[in-house]
Amino acid sequence: MIARLTLRYLLVFAIVLALLSAGAYVFLAREYLALLQPALGTPEATQAYRAAMSRVTLTILAFDIPLLAIVGLASWLLARSSIEPLVEAREREREFAADAAHRLRSPLATIAAVAQAAKPEAPDRFAQNFDTIAQAALDASQAVGELLTLSRPAAAQLLQREPVDVAVLTKVVSKEFEARAEQRGLLITNRAQSAIVDGDERRLRELLRNLFDNALRHARTAITVDSRKNGRSVYLLISNDGDAVAQAYRERIFERAFSGDAQGSGLGLAVVRWIAQAHEGDAFVRDGEDGGAQFVVRLPCIQE
Amino acid sequence: MIEDNASVAAAVRTMLERRKYAVDVAADGDAGLEHLLRQQYDAAIVDVVLPGRDGFDLARAARAQGVQTPLLMLTALDAVENRVRGLDCGADDYLVKPFVEEELFARLRAITRRADRPVRETLRAGTLEIDAAGREATVAGKRLPLGATEFRMLEFLTRNAGIAFTRERLLEHLWEYDFEGSSNIVDVYVSQLRRKLKNAGAGEVIRTVWGVGYKVEV
């Protein structure tokens with residue numbers, strides 16, 4: 001980043017310097033021509049003019065080259081002094097977010113553990129309350145984790161990559177949701193075809209979980225998973241037969257802390273997009289082929 | 001249970017005792033290590049953030065002194081580096097706090113099942129050596145840089161040297177799912193492993209068995 005800014009400063013200066021040098025050259029050329037006007041046309045004058053102009057060129061270069069070197073160094077110093085505080089501030093912010101997440105998680109862990117331990121001892125009419133307390137603590141902790149993720153720019157260096165077959169992963173994750181889907185009378189159909197992505201398996205699992213979680217909340221009777229390959233990209237399609245997402249909300253639902261409904265942290269889809277973008281892909285929503293909503297995740301895949 | 005937060009320690013103790021486990025609680029790393037050295041436990045649950053010696057340090061020290069007790073690390077730090085570090089220190093598994101009771105017991109059952117294996121175990125195939133507990137593979141003494149899944153595949157094949165596995169069976173074992181469709185992921189990993197092994201000079205460790213799949217020669 002410092003190198004890029006240095007180059008930019010240097011480029012601006014080089015352009016200014018080139019313009020000034022060209023201006024000086026043209027000005028001097030005219031002055032000499034005017035001076036030599038009376039004798040113009042004689043071979044001596046032409047020779048004198050040429051010699052004078054080549055001295056001018058050399059003098060200008062003799063100024064410009066060291067000047068460029070000095071300005072290069074100055075640009076670098078300037079770039080460093082303006083960027084370093086930003087880098088430091090960002091690093092401090094990141095540390096703060098990580099520290100805040102940790103500090104929030106510890107008491108939430110206590111709440112969850114104590115509530116779960118207390119539940120079996122509680123009289124029946126309170127047992128449910130302990131479940132609610134534990135679940136709320138677990139939900140809050142998940143939201144803290146999502147906020148921590150979203151506090152950082154979606155960047156590839158935050159991933160631990162290895163080849164992952166995303167179709168296999170959709171099967172693994174949909175299995176986790178089978179019981180909940182059955183409870184709600186929903187059918188999950190998976191037609192995804194093998195596609196290998198150089199990705200972070202844990203993050204991609206999180207992405208799929210968030211999409212299944214979303215689909216489960218909005219589907220009427222069915223959730224379908226499918227995939228399309230197109231050149232170097234694989235498109236994962238997770239559709240549900242609930243209501244289509246209104247045009248006005250299609251971008252907003254992927255923003256941090258926007259929730260179209262009361263359930264969930266409202267961060268799930270923002271995390272989906274974050275993870276897709278960290279993999280140099282993207283996520284969006286459109287109308288399903290037979291109505292409903294279709295969430296699309298594009299990921300670059302490995303050529304086989 | 002090695003945990004400095006008294007409320008969490010008491011809660012986990014209640015959960016464990018309800019399932020008929022006997023529990024000792026240590027509130028800091030040094031006391032925890034002493035317990036591990038003095039007594040043979042079926043498993044230890046170790047918090048990462050502890051006063052004095054932290055959880056990573058405790059695991060490393062315990063393993064260095066020959067403690068074979070399976071260790072389950074509890075961490076509120078969800079960062080990848082932390083989890084990897086925990087396993088590198090000799091812990092058997094990790095659980096992110098806050099946790100669901102069922103998951104805690106599932107992990108405990110899993111690590112105690114694995115406990116009958118010796119801690120220091122070396123698998124060999126030619127010049128390839130795999131330190132199963134240290135999660136490290138070497139070729140002629142030189143460290144082979146492997147990803148987590150690559151390591152698991154090489155370990156699985158080497159542990160079962162001489163047996164040929166189909167792609168489906170490897171997929172099922174490594175990704176814990178039987179995928180009805182066809183996936184090339186197994187071949188991708190095998191070719192990566194072969195490339196790395198070849199670069200390290202290990203020769204042909206993983207053989208193709210035509211019509212079946214892959215195996216490591218005894």
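## Where chains A and B meet, and what lies around the contact

The contact takes 30 residues from chain B and 28 residues from chain A; here two residues are in contact if their C-beta atoms, placed from the backbone, lie within 7 Å. On the side of chain B that touches chain A, the elements giving two or more residues are α1 (6-18), α6 (148-159), α7 (167-175) and α8 (185-199) of chain B. Helices are DSSP runs of H or I with at least four residues, strands are E runs of at least two, and both are numbered from the N terminus. The largest share of that side, seven residues, comes from α1(B). Sorted by class, the side of chain B that touches chain A has 17 nonpolar, nine polar and four charged residues. For these classes, Ala, Val, Leu, Ile, Met, Phe, Trp, Tyr, Cys and Pro are nonpolar, Asp, Glu, Lys and Arg are charged, and the others, Gly among them, are polar.

A word on the numbers before going on. This is a predicted model, in which local features need pLDDT of at least 70 and side-chain atom pairs count only at pLDDT 80 or more, while totals for chains, interfaces and linings use all residues. Residues are numbered from 1 along each chain as its sequence is written, and chains are lettered from A and ligands numbered from 1 in the order in which they are written.

**A residue in α1(B).** M15(B) sits in helix α1 of chain B. Leaving aside neighbours within four places in sequence, M15(B) is in contact with Q116(A), A117(A) and E101(B). M15(B) is partly exposed because 19 other C-beta atoms lie within 10 Å; a residue is buried with 20 or more such atoms within 10 Å of its own C-beta, exposed with 12 or fewer, and partly exposed in between, with C-beta atoms placed from the backbone. The C-alpha atoms of M15(B) and L104(B) are separated by 9.8 Å, though the two residues are 89 residues apart along the chain.

| Pair | Axes come within | Crossing angle |
|---|---|---|
| α6(B) and α7(B) | 11 Å | roughly 125° |
| α2(A) (residues 43-118) and α3(A) (residues 124-150) | 8 Å | roughly 165° |

The axes are lines fitted to C-alpha atoms, for helices over the stretch in contact, and the angles run from 0 to 180 degrees between N-to-C directions. Angles under 35 degrees count as roughly parallel, over 145 as roughly antiparallel, 65 to 115 as roughly perpendicular, and the rest as oblique.

At roughly 125°, α6(B) is oblique to α7(B). Their crossing is right-handed; a crossing gets that label if the near helix is turned clockwise from the far one by less than a right angle, and is left-handed if anticlockwise. From α6(B), the contact uses T149(B), R152(B), M153(B) and F156(B), and from α7(B) it uses L170(B), H173(B) and L174(B). These residues divide into four nonpolar, two polar and one charged.

Over in chain A, the axes of α2(A) and α3(A) cross at roughly 165°, so α2(A) is roughly antiparallel to α3(A). This crossing is left-handed. Among the residues in the contact are A97(A), L104(A), I111(A) and Q116(A) of α2(A), and F130(A), I133(A), S141(A) and L148(A) of α3(A). By class, the contact of α2(A) with α3(A) has 17 nonpolar, three polar and one charged residues.

**Nonpolar cores.** A nonpolar core is a set of buried Ala, Val, Leu, Ile, Met, Phe, Trp, Tyr and Cys residues joined through C-beta atoms within 7 Å. The largest one has 67 residues, and V166(A), V197(A), L207(A), L211(A), V272(A), I275(A) and L128(B) touch the most other members. Helix α6 (residues 268-278) of chain A gives the most to this core, with eight residues. Not counting residues up to four places away in sequence, I275(A) touches R203(A), L204(A), E206(A) and L207(A). A second, separate core of 39 residues includes A115(A), M1(B), A59(B) and V67(B).

Most residues other than glycine have a negative phi, and most peptide bonds are trans. K97(B) and P98(B) are joined by a cis peptide bond, with omega about -5°. P98(B) lies in the loop between β3 (93-96) and α5 (101-113) of chain B. E280(A), in the loop between α6 and β6 (282-287) of chain A, has a positive phi near 60°.
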